[in-house]
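Here is a quick note to go with the model you are about to open. Have it on screen while you read, and check each point as you go.

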Amino acid sequence: MTMVYAGICCHAPGITSRPEKANQEDLFFLLNQFDRLRNEIEAVRPDAIFLVSAEHYANFFNDNMPTYAVGMANHYEGPIEDPGWLGIARVQVPGNSSLSKKIVASLLNDIDVSYSEEWKFDHGMMVPLHHLTPNYDIPIIPSNINCQSPPFTSLARSYEFGAALRKVFDSMPERIALIGTGGTSHWPCTPDSGKINEAWDREFLSYWQDNNHSAMTNYKDKDVLNIAGQGAFEIRTSIAIAGAAGGKGDIYFYQPIPEFACGCLVASMEIK
């Protein structure tokens, strides 16, 4: 087994762009649990972090929107947003082209994925990386699940994507840490921005924590949209990590933070 870690976290841009707006006790505990995730990742000495995120029209648009995409470059640049606004300096993030190509080639035996040798990271990747590898000294293999523009891959298929990743990782000698980053309920770029359905979030996270495949994948997108907002389509990233890890989850932190327009989350999952 060479998948050495699995975890999930939020990527709300407000965490770095307006930290002073949040309840400072909530912010302290959130950042503390980001540190916990970072320490755990560093302890398993990964050769690379495979980061599953949800893109925000930074690289892909409706004229070319892959369902699943994997980066294959030796380095990436981010953030694509204004660094002054996001609160993260623009940096060059290391990749590993040869490892990425090997992963993509193996994935294509079980699931269709697109790939890209050019990728500019938006907040969906830069906010987690800013906290989990602040020195940018671990190679990153970026991956995207389309959660932005319907039609979407099914939730069950997202779980299968994770299972396909696990099969590939287990066939390689390299040590891979797998991190999924996305949101639960939130309504970005709408009049309801800042609204959070805490009860729905906790329900979904309880299913994720139990790795309850049927419950996690039973949601319908039209219901998710009405109950949890279009931002909640990003649960696909967390579901993929559950499909890869196969074990039970441990929620380190979950707290609605309206100033960041979402419920903020940090968690890990046992690899089984």
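1. Ground rules. This is a predicted model, where local features need pLDDT of at least 70 and side-chain atom pairs count only at pLDDT 80 or more, while totals for chains, interfaces and linings use all residues. Residues are numbered from 1 along each chain as its sequence is written, and side-chain values use heavy atoms, with hydrogens and water left out.

2. Look for an open sheet of eight strands, ordered 6-3-7-2-8-1-10-9 with mixed pairing. Strands here are DSSP runs (E, at least two residues; helices are H or I, at least four), numbered from the N terminus, and two strands pair if DSSP finds at least two bridges between them. Strand 6 (114-116) and strand 9 (246-257) are at the edges with a single partner strand each, so one side of each has no neighbour in the sheet. On average, neighbouring strands are turned by 20 degrees against each other, direction ignored; axes are lines fitted to C-alpha atoms, for helices over the stretch in contact, and angles run from 0 to 180 degrees between N-to-C directions.

3. One end of the sheet. Strand 9 pairs with strand 10 (residues 262-271) in the antiparallel sense, over nine bridges. To find your place, note that G246 is opposite I271 in strand 10. Helix 7 (residues 198-209) lies across strand 1 (3-9), strand 9 and strand 10, at about 160 degrees to strand 9; contact means heavy atoms within 4.5 Å.

4. The largest pocket. A pocket is an open set of points on a 1 Å grid over the protein atoms alone, with protein on both sides within 12 Å along at least five of seven lines; a cavity is a set where a 1.4 Å probe fits but cannot get out, and lining residues have an atom within 4 Å of a point. The largest pocket holds about 480 Å³ of space. Of its 25 lining residues, H56, H123, H186, P188 and C189 lie nearest its centre.

5. The second largest pocket. This one holds about 160 Å³. Strand 4 (75-78) and strand 5 (91-94) each give two or more residues to its lining, with the largest share, three residues, coming from strand 4.

Key
Points joined across faces, edges and corners; volume = space filled by probe spheres on them.
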